[in-house]
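Student: I would like a close look at a single part of this chain, and then at what can be said about the places around it and further along.

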Amino acid sequence: MLHISRPVLWINTVGPAVLGMWLAGHLWHWDALALLLWLTLPFNLLIYGVNDIFDQETDALNPRKGSFEGARIRAAEVSSIWIAVLVANLPFLAYFVWALPGEALLWIALYLVVFVFYSAPPLRFKARPYLDSLSNAAYALPMVFVPLALGAGPVWAAALALMAWSVAKHTYDAVQDIEEDQAAGITTTAVRLGVRGAVFWSGFWWASATIGFAMVNIPVALVNALISGWLLYRLFRSPLTSTAHGLYRYSIAFPYVAGAVAGIQLVAALLLGWYP
């Protein structure tokens with residue numbers, strides 16, 4: 001179950017939540033603990049467990065699966081995965097219904113629905129070009145519901161910028177799976193646009209994210225522009241799925257680097273009393 005939850009990608013759920021807490025003006029707040037714990041193994045098991053259950057046909061063709069980049073499950077494991085997802089998530093959700101304000105719960109509900117139906121029918125955003133990419137804007141929602149849970153308002157410029165960033169990264173990362181998705185009959189944004197089309201699509205959203213980040217923090221915007229520009233340039237120069245796969249390790253590192261730049265500044269500002 002730990003392997004299915006893809007620990008190397010937990011940064012994509014925990015990171016926005018921590019930033020949301022800091023942007024709410026708290027270096028640490030005990031009321032955020034349950035949310036932060038939920039966004040580690042439990043919620044990532046939900047995201048990727050559901051994904052693996054409904055993507056067995058594609059994953060069987062994908063050489064990336066069975067590594068740190070994702071598990072390859074067997075049909076006999078489906079029931080145990082469903083049970084693990086429910087056991088890991090339901091206690092947290094019950095607590096949130098009891099403890100959190102209604103506005104935060106609405107955003108958490110949207111977060112859950114989007115990620116379940118990214119993979120699950122009948123909506124299955126994953127197999128719908130453009131919706132597969134746009135639905136990944138939901139990765140930024142912890143920057144909305146964590147502040148609301150703590151009684152503060154979200155920093156919308158930062159949240160919207162992260163939404164655009166997540167849209168870009170989804171399509172960029174999906175380029176490496178174009179051949180496997182085509183073989184399984186799945187039309188993603190990357191499949192529809194092709195490699196160079198995906199570069200321009202991701203470039204538009206990463207440029208939008210850079211503008212949004214610049215409204216909040218110039219160093220983060222510069223780091224975002226530099227890393228995304230380098231990733232896009234490398235793939236544009238060599239528009240192959242194998243190139244995209246070779247660049248995936250740097251794409252995984254992207255949020256760690258950009259998040260560190262944002263986090264170090266926020267922590268310093270909070271400790272020195274410069275923020276909020």
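Where does Trp30 lie?

Tutor: This is a predicted model, in which local features need pLDDT of at least 70 and side-chain atom pairs count only at pLDDT 80 or more, while totals for chains, interfaces and linings use all residues. Residues are numbered from 1 along each chain as its sequence is written, and side-chain values use heavy atoms, with hydrogens and water left out.

Trp30 sits in the loop between helix 1 (11-23) and helix 2, where helices are DSSP runs of H or I of at least four residues, strands are runs of E of at least two, and both are numbered from the N terminus. Because its relative accessible area is 64%, Trp30 counts as exposed (over 50%; buried is under 20% and partly exposed lies in between, with a 1.4 Å probe and protein chains only). Trp30 also belongs to a nonpolar surface patch, together with Leu27, Trp28, Leu33, Leu37, Leu271, Leu272 and Trp274, and these residues have about 920 Å² of accessible area together. Such a patch joins nonpolar side chains (Val, Leu, Ile, Met, Phe, Trp, Tyr) within 5 Å and like charges within 9 Å, from residues with over 30% relative accessible area and no salt bridge; the areas come from the Shrake-Rupley method with a 1.4 Å probe, and for residues only the protein chains shown count as cover. Helix 2 (33-38) and helix 13 (241-272) are the elements that give two or more residues to the patch.

The unreviewed UniProt entry annotates transmembrane regions, among them residues 7-29, 35-54, 75-98 and 204-233; its positions are in the numbering used here, its feature names are shortened, and its annotations may be inferred rather than shown by experiment. Within the model, residues 75-98 are 88% helix and 0% strand, with end C-alpha atoms 36 Å apart, while residues 204-233 are 90% helix and 0% strand, with end C-alpha atoms 13 Å apart. Trp205 is placed in helix 11 (residues 189-214) and, since its relative accessibility is 22%, counts as partly exposed. Apart from neighbours within four places in sequence, Trp205 is in contact (heavy atoms within 4.5 Å) with Leu134, Ala164, Trp165, Val167 and Ala168.

Turning to charged pairs, a search of the whole structure finds 5 salt bridges, each a side-chain nitrogen of Lys or Arg within 4 Å of a carboxyl oxygen of Asp or Glu. One of them joins Asp52 and Arg6 (3.2 Å, N to O), and this pair links Asp52 in helix 3 (residues 41-54) with Arg6 in the segment before helix 1, 46 residues apart. Both Asp52 and Arg6 are buried. Another joins Arg124 and Asp55 (2.9 Å, N to O); Arg124 lies in the loop between helix 6 (102-119) and helix 7 (131-134) and Asp55 in the loop between helix 3 and helix 4 (56-61), so parts that are 69 residues apart in sequence are tied together. Arg124 is buried at a relative accessible area of 17%, and Asp55 is buried at 2%. Asp55, Arg124 and Lys126 are linked in a network of salt bridges.

In helix 9 (residues 156-174), Lys169 and Asp173 are 4 residues apart, which means that about one helical turn separates them, and their side chains meet in a salt bridge (2.7 Å, N to O). His170 is found in helix 9 as well and is buried, at 12% relative accessibility; leaving aside neighbours within four places in sequence, His170 is in contact with Tyr118, Asp132, Ser133 and Asn136.
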